[in-house]
Amino acid sequence: MTDEELILEFQKSNDQRAFEILVERFKNPLINFVFRFLGDYETCVDVVQDTFVKAYRSKDSYSSVAKFSTWIYTIAGNLARSEYRRRKRNSFFSINNYGEEGENYDIPDNKLRPDVKADSKFKAQKIQEALMKLKDVYREAVILRDIQGLSYEEIAEILKIEEGTVKSRINRGRAQLQKYLKNIYRD
Amino acid sequence: MEENINKKLLDDLRNLPKVSAPENFDEVLWEKIYSTEEKKISFWQKIFTTNKLIPAAATFAAVIIIFFLIRSNNNEYEDPFMIEPPVREDIITVSTDDVGVSNMIEQKQKIEQQELRTNESERSGLKKESAKPEKDSSLKDNLTEPSMAPETLSKSASAVNDDVQFGIDKEELNFLKRNLSEQKKQEILELKRKIKASETPKAE
């Protein structure tokens with residue numbers, strides 16, 4: 001059964017088995033997406049769970065015209081964005097109390113600690129750090145395209161923007177990412 | 001622009017280690033789903049939560065304090081309705097001197113009396129003059145008598161006019177003048193006699 005058939009089944013007969021299958025299919029891609037966006041595993045798990053709770057409770061708001069994947073990614077993106085802003089506000093107040101004015105601090109990521117020795121892990125950590133430095137609109141577009149592998153059309157639908165805007169955001173995001181990672185990618 | 005981006009970077013992004021959900025993900029999810037189903041809070045419960053009530057109460061208290069502060073400050077200012085109105089200087093001088101006021105009133109009364117007297121004398125003079133036309137009115141009554149001839153009428157009318165001294169002659173008036181022949185005059189007289197003759201039996 002396709003995702004759309006499953007959600008329609010869940011809508012019509014409140015079949016929880018159908019919903020469980022959807023959770024099984026989408027929990028890992030959503031965790032990956034939200035983790036790359038927020039940079040914190042525990043928070044990302046909470047956000048993805050909240051995404052499924054929201055989808056469960058407001059199943060009737062899904063329209064069969066759209067793809068289920070875009071619908072669930074839209075919910076996850078919205079929740080991730082609001083969580084990111086909330087964290088940003090909190091970090092602004094908590095970090096700036098200790099640091100000098102105008103100095104930027106990266107919130108430490110417990111899952112990707114700098115003491116990890118392996119090269120691939122080190123690179124992944126640096127990429128994640130660079131991703132976190134990007135503006136959230138660029139980061140979201142780059143993650144959806146280059147990490148999640150979604151099409152421009154799908155991204156446009158998820159972010160509710162034009163396809164051209166999606167492309168420009170992705171290109172800008174990539175350029176900035178390359179700038180931040182110039183020590184790794186010199187050639 | 002994609003060409004300028006290092007392909008290695010794009011490959012690394014694609015091959016980033018996939019983060020997967022924890023083992024207890026589903027359990028926690030279903031717990032959350034069921035707990036939110038149980039916790040169907042009503043609208044009033046949402047409003048009257050302590051988290052919302054405390055700031056609301058604080059705001060309300062602040063508003064009341066501000067209101068009373070403003071009100072107490074207002075009492076320091078003079079009430080515009082209690083301020084005495086500004087008085088003109090000339091009125092002040094009169095009001096302070098009672099003798100002056102009484103003199104002014106007496107003078108005014110005298111002036112008014114003098115004016116009244118002069119008016120009365122003027123009126124009496126006018127009455128005397130108007131007495132003459134009363135005498136003339138008897139003449140006018142005579143004029144209306146039918147026995148009088150038109151010639152005498154004109155004469156008496158001219159006499160009245162002379163007495164009144166209006167100085168307006170009959171000729172000066174813009175009457176339509178007709179020059180009748182002797183024959184026509186006699187015809188008119190005859191007609192008048194006939195009319196008189198017809199009127200006298202009716203009166204009897």
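A nonpolar core is a set of buried Ala, Val, Leu, Ile, Met, Phe, Trp, Tyr and Cys residues joined through C-beta atoms within 7 Å, where buried means that 20 or more other C-beta atoms, placed from the backbone, lie within 10 Å of a residue's own. Welcome to a predicted model, in which local features need pLDDT of at least 70, side-chain atom pairs count only at pLDDT 80 or more, and totals for chains, interfaces and linings use all residues. Residues are numbered from 1 along each chain as its sequence is written, while chains are lettered from A in the order in which they are written.

**The core**
- The largest nonpolar core has 48 residues, and Val34(A), Val48(A) and Ala76(A) touch the most other members.
- Helix 2 (16-38) of chain A gives this core its largest share, 12 residues; helices here are DSSP runs of H or I, at least four residues long, numbered from the N terminus.

**Where the chains meet**
- Here, 24 residues of chain B are in contact with 25 residues of chain A, contact meaning C-beta atoms, placed from the backbone, within 7 Å.
- On the side of chain B that touches chain A, helix 1 (7-14) and helix 2 (25-38) of chain B each supply at least two residues.
- Helix 2 of chain B gives the most to that side, with seven residues.

**Confidence**
- The predictor gives the complex an ipTM of 0.77 and a pTM of 0.53.
- Among the elements of chain B, helix 1 has the highest mean pLDDT (87) and helix 7 (residues 150-164) the lowest (48).

Conventions
Contact = placed C-beta atoms within 7 Å. pLDDT = per-residue confidence, 0-100. Buried ≥ 20, exposed ≤ 12 C-beta atoms within 10 Å, placed from the backbone.
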